[in-house]
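Please look over the sequence and the model before reading on.

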Amino acid sequence: MGTDVEQWKDELYGTDIRDEIERFAEEGWESIPDDEQDAWFERFKWYGLYHQRAGQESYFMMRIGPPSGVLEPGQFRRIVEIADEFSRGPAENPEFGNGWIDVTTRQAIQLHWIRLEDVPEIFEQLEDVGLSTVQACGDSWRNIVGCPVAGKDKHEHVDAETLANELHDTFKKNEAHSNLPRKWKVSVTGCDEGCGQGDINDLAFEPAEKEIDGETVTGYNIRVGGGLSRNEPRLARDIDVFATPDQAVDVAGGISALFRDHGDREDRYNARIKFLVDEWGPEKLRETLQVEYVDFELHTAGDDLRESYSYNAGEADGKHDHVGVHEQVDGDYYVGLNVLVGRIGVDDAYDLADAAEEYGSGEVRLTQRQNIIFTDVPESNLEELRSEPVLEEYSPDPHPFQRGSIACTGTEFCSLSIVETKNRQVRFARWLKENVELPAGVENFHIHLSGCTASCAQPQIADVSLRGMKTRKDGEPVEALDIGLGGGLGEDPQFASWVAERVPADEVPGAIANLLENFAEGRDSEHQSFREFVAERDDEELADLIEPEETEYDDPYMHNTKRTWYPYAEDDDMDASPAPARADGTPITSDD
Amino acid sequence: MPIALRTLDDGAWISVNDSRQVSVSDVWTLSRGVFCDCEPAYVLLEGFFDADVDGRVVVTGAVGQCLECGTRDTIERLPVGRMVDGAFCPYDPECVQWGVEPDGERS
Ligand SMILES: [Zn+2]
């Protein structure tokens, strides 16, 4: 199964792919030999290009991953300009128009409808401002996630930004780590709020202190083997290692090399390091790392700060996200803006770029809750910034249902997804805001919608977890969602338990409304969080609290959206697809 | 003529001769006993593995879930289409697949 991919990678992978992309771009889409397409599309991923799903052939998704989501002044605007010029599809999306950027849960940006012929020009424009798509997809070091307000944050204990950048500089285009058995997701957290979400990454650096030779040193505890995909969610496991900031890059390289050499290359389903940790246990992993992959004595774990983790934790205290106005260590402010389901149309994006430059430093940082942050806003600019019209929609003070919504790409573009996601989640949030009262004191309520078990929307760590499914309603297959409850990170992370399965998508808003009503009636007091409420009950009790029902909510995506070439096109039939197309958009007819 | 047959993108597709032909997320109709005790069973396929060709019939392993009884299981050698003059002709997921034996002819 994995042997084809391993063979293609053996033949040509890593930085060598660049010349081939340039060559195909020069000669046009049709120059990719028919019998080599699978191989090339697999390789293109290493340069951040992902071939879109069936019905959209010759169009690509492009991913740009800045470490810790930090876009320096000018970089956000450049991405918007690229989206404006190159990311336009053959049909409109009814919620978002045509031309937008998507902020992802791993602090990257995704553009769609990219044509191979435009890629060299786009690469040049990105490199011109210090950005790159290298290793954004494919079997290697992905974008390094971490505290997006590192360097500015009052909650910071270790300099996470420096380490994230060192890791980025060391392991991007690093031949020894270019070809791993599978994707490799790394997180660096430096704060006491846990906003790096290390628990769900392959390799996590978490802030810690350790007494070494009579002195207290701040550095990182290491966890390995977290991840949410494939119905096999795992929390990263403590391997009892403390790394000083000086050791951190070597430890990361050691574990990456261990994965390179010992990960399963025979079976891609079993390749992620979480399965190796399952098989070996953390002790054997530590021992192998010590004996074979580092040339210094590893410290045992130090004292961590997990007790105070509040990010995405679903508990009553602490910050759950970066939305809002927050003072920085230097007395300026950072302003977190809500981006519903992570998508920003290009016109709004230009306005946001203007505002970031006018009122702040021009930096725009991306968060793991699909939001953006302006940094370095002087106190005297706050009021004017808040009165900018574009901040009405991208608000620092959004309604909880909008603030809490996350959605993955879905059947609009993704091969894996089972259901439509982003437009649906926008409609869910709108309906809930208009029709449902949140129980007293509930300011954060996270609803994550993922189209499939790959779990890109991180559904298992939300108050309400939604996962794409199908069911039969009135004799017809329709799009449906599994509903899970009570997930969250924090000191004691917990994955949601899937208590209601195959709920027709048009009955889900009604189910959430009823659930919240039952929560308001049944909670101990107004101080009890939803997560605490769920933790006190077993799955059967919880299932009874979800009462799916049809409401006024109207769902236009109940049909098999995957069987369309584009779910929102006027004629959405696969046969009406304009793909594949030449660089100018004219369809290429197949006559073979 | 040799056929290039493989699953792609974490089992989201079956590729036949470098063309993505069979996708996950369709509901397949299977007769009783092939997957669970429902008659017929409506099974959402969520991932493919071990695509193979048996004579002219393309068969695959799949992970799926029955939409009625909720059974989640794997299925071996499900026929998903056949080769006719070197071209792949997909079966219709909504037509009952009576069996999954290697030379299984569909109804
Ligand atoms: Zn069944």
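Domain bounds, as used below, come from an automatic or database domain assignment. The model is predicted, so that local features need pLDDT of at least 70 and side-chain atom pairs count only at pLDDT 80 or more, whereas totals for chains, interfaces and linings use all residues. Residues are numbered from 1 along each chain as its sequence is written, chains are lettered from A and ligands numbered from 1 in the order in which they are written, and side-chain values use heavy atoms, with hydrogens and water left out.

**Domains of chain A**

- The assignment divides chain A into domain 1 (4–128), domain 2 (150–308), domain 3 (324–398) and domain 4 (403–559).
- Between domain 1 of chain A and domain 4 of chain A, the C-alpha centres are 32 Å apart, and their contact (heavy atoms within 4.5 Å) takes 13 residues from domain 1 of chain A and 16 residues from domain 4 of chain A.

**Interface of domains 1 and 4 of chain A**

- These two domains bury about 1,200 Å² between them, with 47% of it on carbon and sulfur atoms; buried area is the accessible area (1.4 Å probe) that two parts lose on being put together, summed over both.
- On the side of domain 1 of chain A, the residues that lose the most area to domain 4 of chain A are A:R53, A:E95 and A:T105, together 46% of what that side buries.
- There are 2 salt bridges between domain 1 of chain A and domain 4 of chain A, a salt bridge being a side-chain nitrogen of Lys or Arg within 4 Å of a carboxyl oxygen of Asp or Glu.
- A:E95 forms a salt bridge with A:R430, where the closest N and O atoms are 2.7 Å apart.

**Salt bridges elsewhere**

- Over all chains, the structure holds 53 salt bridges.
- In the salt bridge of A:E127 with A:R18, the closest N and O atoms are 2.9 Å apart; this pair links distant parts of the chain, with A:E127 in helix α5 (residues 119–128) of chain A and A:R18 in helix α2 (residues 17–27) of chain A, 109 residues apart.
- Helices (H or I, at least four residues) and strands (E, at least two) are DSSP runs, numbered from the N terminus.

**Sheet in chain B**

- Strand β5 (residues 41–54) of chain B and strand β6 (residues 57–66) of chain B run antiparallel and are joined by 9 bridges, and B:V53 has B:V58 in β6(B) as its bridge partner.

Methods
Pairing = 2+ DSSP bridges.
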